Amino acid sequence: MDDHVELITVLQELHNISGLRLSVHDTDFHEIEAYPKGMCTLCAMVQKNEQALQICHQTDYAAFERAKKTQQFSIYQCHLGLYEAVAPIFSFGTLIGYLMMGQTLCSPESNRLAVYEAALPYVDDPVRLRRIVDGLPLRDRDKIVSCLHIMDICAKYISLSNRFNPEKADLAPAIKKYINENYRSELSLEVLRSHFFCSRATVINAFQKRYGIGINRYVTTVRVGHARELLMYSRRSIKEIALDCGFSDQNYFSKVFLKETGKTPTQFRREEGRMLDNLAEEEYD
């Protein structure tokens, strides 16, 4: 089974047990995988406010730093009063990322009012805010602690089973090899960062530093290179060649090909085909 699928499975199963959102982050705190994908409704609403967003980040970063320093999972409350936790992930003793769980409200019921009042200054729809806060799951402290201990066990499992290792020394060559072998498929930064368990920034920077070229630029070069060969040496239609080389449609392929070669696919095929015919004639003279 693919490692990416197994990591997602770990997060999904832990979510099924806890009912909480799970996310994996690299050492720069970038979120690179999560289940469910979207953040909780309350966080999404509050973080539209820039000040609230910065406070949320500062609270999370402080928890990441504690987990890094102590090498143990850290339980904390965000500035709205919701409980969250972060556990470090290691590979052969080296910190390579974090597993994060959140967000939940602790009993008693009166804590809902405290969360509502804490969030109110950052939102412009108090009625919707109240409805969202009333829908937050309420758990007693013992259950929260149990869920977080299970999360810590899962973080250790991820470490021991090597399900997550974004700090690969051969990341750039691995990305290049993956592109060369999968140029026919979708090759967005989202696909690459998900496949290699790292952030978009890590994928971009590693490839640029190693090869001096952007990933999107390299993907285009590879696809056009294969298209040139098919135009010269096959009788396949331009539409078939476009799709076979990873382009979404013939019109887009023609625009990219013209920009890269200075010729339309039809012009290229006609002119290069004539040159090949002339070379063949010279061989038989």
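Of the contacts in this chain between residues at least 6 apart in sequence, 58% join residues at least 24 apart. The model is a predicted one. The chain has 285 residues, and 43% of them are buried. Its secondary structure comes to 13 helices and six strands. The accessible surface is about 15,500 Å². Carbon and sulfur atoms account for 51% of that surface.

## A residue in strand S5

Leu99 sits in strand S5. Phe64 is 35 residues away from Leu99 in sequence. In space, the two C-alpha atoms are 9.6 Å apart.

Strand S5 covers residues 94-106. Cys106 pairs up in distance terms with Lys143: 37 residues separate the two in sequence, and 9.3 Å separates their C-alpha atoms. Lys143 belongs to helix H6, residues 141-161. Lys143 has 44% relative accessibility and therefore counts as partly exposed.

Helix H9 spans residues 200-211. At 1.5 Å a residue, its twelve residues should span 16 Å. The end C-alpha atoms of H9 are 17 Å apart, which agrees. Gly212 follows H9 and has a positive phi, near 70°.

Helix H10 runs over residues 215-233, 19 residues in total. From first C-alpha to last, H10 reaches 27 Å, close to the 27 Å expected at 1.5 Å a residue. Which residues of H10 are buried? They are Ile215, Tyr218, Val219, Val222, Arg223, Val224, Ala227 and Leu231.

H10 also meets helix H7, residues 171-181. The two axes come within 10 Å and cross at roughly 35°. The crossing is right-handed. On the H7 side, the contact is made by Ile175, Lys176, Ile179 and Asn180. On the H10 side, it is made by Ile215, Tyr218, Val219 and Val222. The residues of this contact divide into six nonpolar, one polar and one charged. Ile215, Tyr218, Val219 and Val222 are also among the buried residues of H10.

Where is Cys245? Cys245 lies in the loop between helix H11 (238-244) and helix H12 (250-261). Although in a loop, Cys245 is buried, with a relative accessible area of 0%. Arg184 is 61 residues from Cys245 in sequence, yet their C-alpha atoms are 4.8 Å apart. Cys245 touches Arg184 as well as Tyr183, residues up to four places away in sequence not being counted. Its other contacts include Arg223, His226, Ala227 and Leu230. Of these, Arg223 and Ala227 are listed among the buried residues of H10.

## Backbone exceptions

Most residues other than glycine have a negative phi, and most peptide bonds are trans. Several places in this chain depart from that pattern. The table gathers them.

| Site | Backbone feature | Value |
|---|---|---|
| Tyr35 to Pro36 | cis peptide bond | omega near -5° |
| Ser107 to Pro108 | cis peptide bond | omega about 10° |
| Phe29 | positive phi, not glycine | phi near 75° |
| Gln71 | positive phi, not glycine | phi about 60° |

Pro36 is in the loop between strand S2 (31-35) and helix H2 (41-46). Pro108 is in the loop between strand S5 and helix H4 (111-119). Phe29 is in the loop between strand S1 (21-25) and S2. Gln71 is in the loop between helix H3 (50-70) and strand S3 (74-77).

Are Phe29 and Gln71 buried, exposed or partly exposed? Phe29 has 18% relative accessibility; buried means under 20%, so Phe29 counts as buried. Gln71 stands at 48% relative accessibility and therefore counts as partly exposed.

Conventions: Residues numbered from 1 in each chain as written. Predicted model: local features only at pLDDT ≥ 70, side-chain atom pairs only at ≥ 80, totals over all residues. Heavy atoms only, no water. Helix = DSSP H or I, 4+ residues; strand = E, 2+ residues; numbered from the N terminus. Buried < 20%, exposed > 50% of the residue type's maximum accessible area, 1.4 Å probe, protein only. Contact = heavy atoms within 4.5 Å. Areas by Shrake-Rupley, 256 points an atom, 1.4 Å probe, with all protein chains shown as cover. Expected span 1.5 Å × (residues − 1). Axes fitted to C-alpha atoms, helices over the stretch in contact; angles between N-to-C directions. Left-handed = near helix turned anticlockwise from the far one by under 90°. Nonpolar A, V, L, I, M, F, W, Y, C, P; charged D, E, K, R; others polar.
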